Amino acid sequence: MLKLQIPFLVTTASSEDDDHPSIHLQSSTSQGWQSSKLCEYPQELVLMVNHGNAVRVSKCQLLMHQTKIPSRVDVHVKPRLNAAFVLLGYVGLDSNVSTQYNARELKTIAIDRDVAYLKLVLHSCHRNRINVFDQVGLVSVSLYGHTALDPQSPQKRKANMSLNPVQLPSCRSTPRDDTHYDCFAVAHPTQRAVRVSLRQVLEHLRRSRQMCVDAQDYALAKTLKGQEEMCRAYAQQLQQLQSQKCAVVANEDFEAATLLKLEMDAVLSNVEGLLAMALSAVPDTPALPSPKRTTAMPVLVTRRPETSVTRPLSAIEKTQDAEPLPPDFGTASEAIASVCPLRVLAEACSAHAHLRDRGLPQLVTIFERVPADALPGTVYLAWLSVGCISPLEHVMAVATRLLVLLVGRLRDVSGFLQSMPNVLARLLHRLGDGSSTIRNFAASALLQLAQPSHVDAPVVVAAIKDYAEQTDTVHWRVLYGLLRLLTMLLGDFRSVTTNDLTVLLPFFCRHGAFGHTVMQVADAADQLIVTVYHELGSASVEPFLDANECARYQALLLAEWGPRGDKDCSSQKQDEAEVATTTPC
């Protein structure tokens, strides 16, 4: 049985960094996904596996970021769209302190279930001096199944290029198994045109450690011992990477070989850093042996930094009074003061986490229990529509959460849904906000409102069409958000019809979404067109594309779905999609 890598799409992300969006997890050559700066935990990622068709997944591999590391990852799965997620378990992650944040941890999780959707819940990060904004990140996610495919089959089987950290050796290597120490060399930190092998670096660290022991500087000796062990770990990692590089070069997979070479260069750069630190910490160290020079090594004399005493967090007094609500939102909130104390609302929207933790559950409980006839539904929507345009992330979080809650409760109240188009338009506009957190709040709210228990997906599609017809200038972030949103509405909800595309595709063409200079937009446009090809057939797309673009998308469709990916022959499905006309709010 051969391992087959299973494709997936990232359908939902709690947040994402501008330079590391969640769509990067779908590419093996990207730098992966990272949460937004100073995000709230837990963070969630939902993957649609095999385009929503259940497939047997044997294992999942997660390659963690070297510094932005979650403390724990929970794994949930479900076999179909309308099923509930089932918790399989969780894995704990190491803080990576032992490697000085120079290695990445690879976690292999046994699944062995039929999976259509997989959810990863990442809990609070391991804090360190490098992860300034308390983010978490995944370099890659890989799902594997088993198949009996021929090794020469054209089916894509990507090589496992995971760069997992090497376990530190429990004892020193013997002369017979440490020959790789002579195979790699780094530049001398202070002498030009001189290179030093890893064996010479290790010998220098050993001598430096012994000198510190002789001088009774045991703290520095401990540090050097850790650097010595780290250098051995780097040597073993380089040996593994070299073996992998030779294997992929033999298979003429030069793209993978390039990635491996870059990773080897990064490891060697870390070794250079170790050597430079050792030279600066112990200035009287004997010179490193050099094949070209026999003069003593110049030393870098630096003062060892002194540690400062800081106050513990428990000694910092926490404020008990929430700051005032923003003026516009505060004025609008007066209309609901009869059902909700403004003090509770201010705490839920506060910038202080301990006040939010106290106020938000109270606020949600109030609106879960408020009678449906306590206030007209239009009053709630007018109030929340002001919150949905707030520049403050915590206000936006409260507004979108209450919006989803109240729409689910009051959708059947007379006249309530007639006021929704204005709110949906504001959420669509927030897809282009400069804050990735606010963009994710808006996208998440729109997808939740698209559920049949709320306003339903065709209403959200109608709002997108209205936005496309009324908007002349569109920022690339809005384009990206609309493309991702429509892909989900088509792939998950089957709610985009051929008639809708006659409005939406010309809109994207006018604004250059296909082949956009921003790679995120171009990739999202490709995903949408491939999904349209598969769900609605080529006749829905080809009138808007030239011959070269059609040929390119047909190739993408064949690579992703196989020879039966285009459902042009399935006229019944297309007719049914066209009959499902959009109902205005």
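Let me begin with a definition: a charge sits over a ring if NZ of Lys or CZ of Arg is within 6 Å of the ring centre and within 35 degrees of the ring normal. In this model, which is a predicted one, the charged end of Lys59 meets that description over the ring of Tyr144, at 5.4 Å from the ring's centre. A second case involves Arg72, whose charged end sits over the ring of Tyr90, 4.5 Å from the centre of that ring.

From there I would like to turn to the sheet. Five strands make up an open sheet, and reading across it the order is β2-β4-β9-β6-β7, with antiparallel pairing. Which strands are at the edges? They are β2, residues 8-13, and β7, residues 86-92, each of which pairs on one side only. From one strand to the next, the twist averages 20°. If we look at the β2 end of the order, β2 pairs with β4, residues 43-49, in the antiparallel sense, and five bridges join these two strands; as for individual residues, Thr12 has Val46 in β4 as its bridge partner.

At the other end of the order, please look at the loop between β6, residues 72-78, and β7, where Ala84 is found. Is Ala84 buried or exposed? Its relative accessible area is 61%, and because the cut-off for exposed is over 50%, Ala84 counts as exposed. Once its neighbours within four places in sequence are left aside, Ala84 is in contact with Val77 and Lys78. Tyr117 is 33 residues away from Ala84 along the chain, and the C-alpha atoms of the two are separated by 10.0 Å.

Finally, the aromatic residues. The structure holds four aromatic pairs, and one of them joins Phe367 and Tyr380 in an edge-to-face arrangement, with 6.2 Å from centre to centre and 80° between the planes. Phe367 belongs to helix α6, residues 353-369, whereas Tyr380 belongs to helix α7, residues 377-387, so the pair ties together parts that are 13 residues apart in sequence. As for accessibility, Phe367 has a relative value of 0% and therefore counts as buried, and Tyr380, at 1%, likewise counts as buried, given that the cut-off for buried is under 20%. Both residues also belong to a cluster in which ring pairs link Phe329, Phe367, Tyr380 and Trp383.

Note on methods: Residues are numbered from 1 along each chain as its sequence is written. This is a predicted model: local features need pLDDT of at least 70, side-chain atom pairs count only at pLDDT 80 or more; totals for chains, interfaces and linings use all residues. Side-chain values use heavy atoms; hydrogens and water are left out. Two strands pair if DSSP finds at least two bridges between them. Helices (H or I, at least four residues) and strands (E, at least two) are DSSP runs, numbered from the N terminus. Axes are lines fitted to C-alpha atoms, for helices over the stretch in contact, and angles run from 0 to 180 degrees between N-to-C directions. Rings of Phe, Tyr and Trp (its six-membered ring) pair if their centres lie within 6.5 Å; planes under 30 degrees apart count as stacked, over 60 as edge-to-face and the rest as tilted. Buried means under 20% relative accessible area, exposed over 50%, partly exposed in between (1.4 Å probe, protein chains only). Contact means heavy atoms within 4.5 Å.
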